[in-house]
Amino acid sequence: MKKQTAGREQLGDLAPVFAHLNDDVLFGEVWSRVEELSPRDRSLVTISALLAQGAYPQLKSHLLLGKEHGLRKEELVEVFTHLAFYAGWPKAWSAFALLREVYP
């Protein structure tokens, strides 16, 4: 997995500790634990959690990452449909718009 630098690039000057935690701990240590959970599965879990929160800017970023990790559009359509009943119809509806952008 490529080294994450978005934290430092976007927030390094404003919140260097947060940027370090994002890049080095979350993406450097947690996401690298591939024996415990594959990057593909971590993407699926993360996408589900972000949809449930309605965190759409982060959701789009993780849809792009999930695509890199091999998640297929058809799988995500099924996940979003399933989550609509647990996380809320409007959240799933909004997430489908992002899915269409990432998987044209």
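Me: Which helix holds His-62, and why is this residue called buried?
Reply: His-62 lies in helix α4, where helices are DSSP runs of H or I with at least four residues, strands are runs of E with at least two, and both are numbered from the N terminus. The model is a predicted one, in which local features need pLDDT of at least 70 and side-chain atom pairs count only at pLDDT 80 or more, while totals for chains, interfaces and linings use all residues. Residues are numbered from 1 along each chain as its sequence is written, and side-chain values use heavy atoms, with hydrogens and water left out. Buried means under 20% relative accessible area, exposed over 50%, and partly exposed in between, with a 1.4 Å probe and protein chains only; His-62 has 12% relative accessibility and therefore counts as buried.

Me: Why does Lys-60 count as partly exposed?
Reply: Lys-60, also placed in helix α4, has 31% relative accessibility, so it counts as partly exposed.

Me: What does Lys-60 contact, leaving aside its neighbours within four places in sequence?
Reply: With contact defined as heavy atoms within 4.5 Å, Lys-60 is in contact with Leu-98, Glu-101 and Val-102. Lys-60 and Glu-101 are 41 residues apart in sequence, and their C-alpha atoms are 8.6 Å apart in space.

Me: How does the reach of helix α6 compare with the expected one?
Reply: The expected span of a helix is 1.5 Å times one less than its number of residues; α6 (residues 89-102) has 14 residues and reaches 20 Å from its first C-alpha to its last, close to the 20 Å expected.

Me: Which residues of α6 are buried, and what makes them line one face of the helix?
Reply: The buried residues of α6 are Ala-92, Ala-95, Leu-98, Leu-99 and Val-102. Seen down the axis of α6, they fall within an arc of 115°, so they line one face of the helix, the arc being that of the directions from the helix axis to the C-beta atoms. The face turned away from the buried side carries the exposed residues Trp-89, Pro-90, Trp-93 and Arg-100.

Me: What covers the buried residues of α6?
Reply: The cover includes α3 (39-53), α4 (56-68) and α5 (73-87).

Me: Which residues does His-62 touch, not counting those up to four places away in sequence?
Reply: His-62 touches Phe-27, Trp-31, Thr-46, Ile-47 and Leu-50.
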